[in-house]
Amino acid sequence: MKISSVNTYQVPPRWAFVKIETDEGIVGWGEPVIEGRAATVCTAVEELSDYLIGQDPANIEDLWTVMYRGGFYRGGPILMSAISGIDQALWDIKGKACGLPVHQLLGGRVRDRISVYSWIGGDRPSETAKQAQDAVARGFSAVKMNGTDEIQFIDSWDKVARAIDNVATVRGAIGDEIGIAVDFHGRVHAPMAKVLIRELEPLHLMFIEEPVLSENLDAVVDTLRATPTPIALGERLFTRWDFKSILSTGAVNIIQPDPCHSGGITETRKIAAMAEAHDVALALHCPLGPVALATCLQIDAGAYNAFIQEQSLGIHYNDDNDLLDYVVDRSVFEYVDGMVKIPTGPGLGVQIDEDYLKGRAALGHRWRNPIWRHRDGSLSEW
Ligand SMILES: [Mg+2]
């Protein structure tokens with residue numbers, strides 16, 4: 001079998017798909033995108049197609065290695081997201097060629113379903129209690145919310161008090177059985193992170209996410225090691241080597257690689273195994289589309305340290321298209337009792353509605369991350 005074509009499609013709400021075709025008619029799909037730079041990643045995919053056309057799609061490790069090491073410069077969000085989408089499509093082709101789901105090709109499953117959690121509250125933590133109750137009513141067993149809105153290096157106590165009050169209100173609304181994760185979103189700098197982590201401790205969170213940007217982790221390593229609240233990190237890290245440095249701090253309890261950014265299935269499995277050897281849990285990041293979620297579930301199937309899966313159904317970014325719009329069989333992502341089954345169809349286990357996708361690609365998108373400002377006019381981390 002030989003790869004015959006590689007094409008990308010940018011579609012709403014903020015996604016990109018790649019379709020890899022072969023001379024035997026088998027087709028694979030991936031999602032090569034970094035949020036806010038979809039066109040740049042699609043250009044990288046087009047450039048990488050020079051290494052793919054005419055090659056046997058079965059040799060995924062070699063193709064991955066050529067794409068990663070063969071360009072001399074490596075890593076980072078653009079290149080790794082391009083490789084990720086291509087890698088997903090190659091696994092999809094291999095599974096379809098063998099008539100097996102990808103997780104069967106990776107050694108089989110350790111679980112047949114996994115817990116899923118839902119975002120509540122959008123970009124700003126307001127009206128979260130009602131949304132949390134709605135999420136529980138829809139069957140989710142855990143929710144994730146933003147901890148703060150704009151917060152400066154050193155900020156006032158009322159911001160801290162409001163953050164605590166928001167989380168406490170959610171805890172009061174949904175009780176102790178439902179997990180609550182609080183995402184600091186890399187918005188918080190070390191001085192305020194220390195305060196917030198301490199004040200949130202009594203609320204028994206499932207985890208705190210991105211307490212600071214990972215490049216600033218050194219500044220709060222002692223705080224993170226000391227808090228009983230599990231610390232999660234990793235949606236902005238891209239390779240084994242990025243995760244090696246984070247795992248070596250001993251300050252992170254849950255890693256959150258995004259298989260649309262962290263090198264696809266091939267690399268993310270290796271990252272998951274490295275984390276398991278540190279007794280660190282896995283919660284794959286996934287605010288993107290159906291191929292992204294199917295990819296995550298194929299990895300979750302065989303990763304012993306996976307405990308929960310993010311998913312984007314109804315997420316605030318999906319205002320003009322949602323998770324299920326691009327798939328033929330929506331039942332593949334049916335959530336029951338807060339869990340979703342591992343897809344068992346061949347390849348990644350989802351079938352893309354290609355006519356619909358091409359119609360939406362004609363529309364495209366120019367999604368950009370919001371630009372926030374502090375009261376003094378300086379940029380705030382979003
Ligand atoms: Mg996050």
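1. A word on what you are looking at. This is a predicted model, in which local features need pLDDT of at least 70 and side-chain atom pairs count only at pLDDT 80 or more, while totals for chains, interfaces and linings use all residues. Residues are numbered from 1 along each chain as its sequence is written, and side-chain values use heavy atoms, with hydrogens and water left out.

2. Now the overall picture. The protein chain has 12 helices and 15 strands; helices (H or I, at least four residues) and strands (E, at least two) are DSSP runs, numbered from the N terminus. Its C-alpha trace spans about 65 × 45 × 40 Å along the principal axes. The radius of gyration is taken over C-alpha atoms, and the globule rule is 2.2 Å times the number of residues to the power 0.38. For 382 residues a compact globule would come near 21 Å, and the protein chain has 20 Å, which agrees. Of the 382 residues, 59% count as buried.

3. Next, look inside. A nonpolar core is a set of buried Ala, Val, Leu, Ile, Met, Phe, Trp, Tyr and Cys residues joined through side-chain atoms within 4.5 Å. The largest one has 114 residues, and those with the most contacts inside it are Phe17, Ile20, Ile180, Leu200, Ile255 and Phe333. Helix H3 (residues 77-98) gives the most to this core, with nine residues. A second, separate core of 10 residues includes Ala181, Met206, Phe207 and Ile308.

4. Just after H3, glycine 99 takes a positive phi of about 70°.

5. Then there is the largest pocket, with a volume of about 770 Å³. On a 1 Å grid over the protein atoms alone, a pocket is an open set of points where a 1.4 Å probe fits, with protein on both sides within 12 Å along at least five of seven lines; lining residues have an atom within 4 Å of a point. Of the 30 lining residues, the closest to the centre are Glu35, His185, Arg236, Asn369 and Trp382. H3 and strand E15 (379-380) are the elements that give two or more residues to the lining.

6. Histidine 185 sits in the loop between strand E6 (179-183) and helix H7 (190-200), and its phi is near 60°, a positive value in a residue other than glycine. Histidine 204 lies in the loop between H7 and strand E7 (207-209), with a positive phi near 50°.

7. Proline 13 is in the loop between strand E1 (3-11) and strand E2 (15-22).

Definitions and conventions: Buried < 20%, exposed > 50% of the residue type's maximum accessible area, 1.4 Å probe, protein only. Points joined across faces, edges and corners; volume = space filled by probe spheres on them.
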